[in-house]
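Please look over the chain shown below before reading on.

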Amino acid sequence: MKIEINVDDKIEETSISISCKGLTPELQKMIAMLRILDKKFAVMRDGETFLLDVAEIIYIEAIDRKTFVYTKDGVYESGLRLYELEQQLGECGFCRVSKSCLVQLRAVKSLKSDINRRIRVTLDNGEVIIASRQYADEIKKKLGLVK
């Protein structure tokens, strides 16, 4: 891989250009990481609105028609539905693991098979999420564990 950096004080906006023979899984991950760096996400806690970097989000869960966003520092609430967040954050490394949960794939520490083809997903913060069998294969595929 060849990396070129052109520093020019006349350039007003930074742009990144990728030239490649084909789009490999590694390149797709790099592109997703670059997109994460530029995304902010509005959430609420105690009546106050916060703008979180998408990279700070560990997982998102829907409970009783409310959507909660979990970070290392706390729990926030989003006004968006889980399917809306899945559409917005899919390109940023998030994956649905059950009907009520999205997980940031970079926050996955380990996977363990469970009964009925479910998977126990342990996250960087120590929390364990049960991935339903419906989404198990997709999770493994996105993590590069199966083809």
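A residue is called buried when its relative accessible area is under 20%, exposed when that area is over 50%, and partly exposed in between, as found with a 1.4 Å probe and protein chains only. By this scale, 29% of the 147 residues of the chain count as buried. The model is a predicted one, in which local features need a pLDDT of at least 70 and side-chain atom pairs count only at pLDDT 80 or more, while totals for chains, interfaces and linings use all residues. Residues are numbered from 1 along each chain as its sequence is written, and side-chain values use heavy atoms, with hydrogens and water left out.

**Overall make-up**

Helices (DSSP runs of H or I, at least four residues) and strands (DSSP runs of E, at least two) are numbered from the N terminus. The chain has three helices and ten strands, and along the sequence these follow the pattern α-β-β-β-β-β-α-β-β-β-β-β-α. Taken along the principal axes, the C-alpha atoms fill a box of roughly 55 × 45 × 25 Å. With contact meaning heavy atoms within 4.5 Å, 36% of the contacts between residues at least 6 apart in sequence join residues at least 24 apart.

**Strand pairings**

Two strands are said to pair if DSSP finds at least two bridges between them.

| Strand pair | Bridges | Facing residues |
|---|---|---|
| Strand 3 (57–63) and strand 4 (66–71) | six | Ala62 and Thr67 |
| Strand 3 and strand 7 (101–104) | three | Ile60 and Leu102 |
| Strand 9 and strand 10 | four | Val121 and Ile129 |

Ser98, which lies in strand 6 (residues 94–98), is buried because its relative accessible area is 11%. Leaving aside residues up to four places away in sequence, Ser98 touches Ile130, Ser132 and Tyr135.

**Positive phi angles**

Most residues other than glycine have a negative phi. Asn116, in the loop between strand 8 (108–113) and strand 9 (119–123), has a positive phi of about 60 degrees and is exposed, with a relative accessible area of 53%. In the hairpin of strand 3 and strand 4, which has two residues between the strands, Asp64 takes a positive phi near 50 degrees.

**Surface**

Accessible areas come from the Shrake-Rupley method with a 1.4 Å probe, and for residues only the protein chains shown count as cover. The chain exposes about 10,700 Å², of which carbon and sulfur atoms supply 49%. Met1, Ile3, Ile5, Val7 and Met30 form a nonpolar surface patch with about 680 Å² of accessible area together. Patches are made of residues with over 30% relative accessible area and no salt bridge, with like charges joined within 9 Å and nonpolar side chains (Val, Leu, Ile, Met, Phe, Trp, Tyr) within 5 Å; a salt bridge is a side-chain nitrogen of Lys or Arg within 4 Å of a carboxyl oxygen of Asp or Glu. Met30 lies in helix 1 (residues 25–37) and is partly exposed, at a relative accessible area of 35%.
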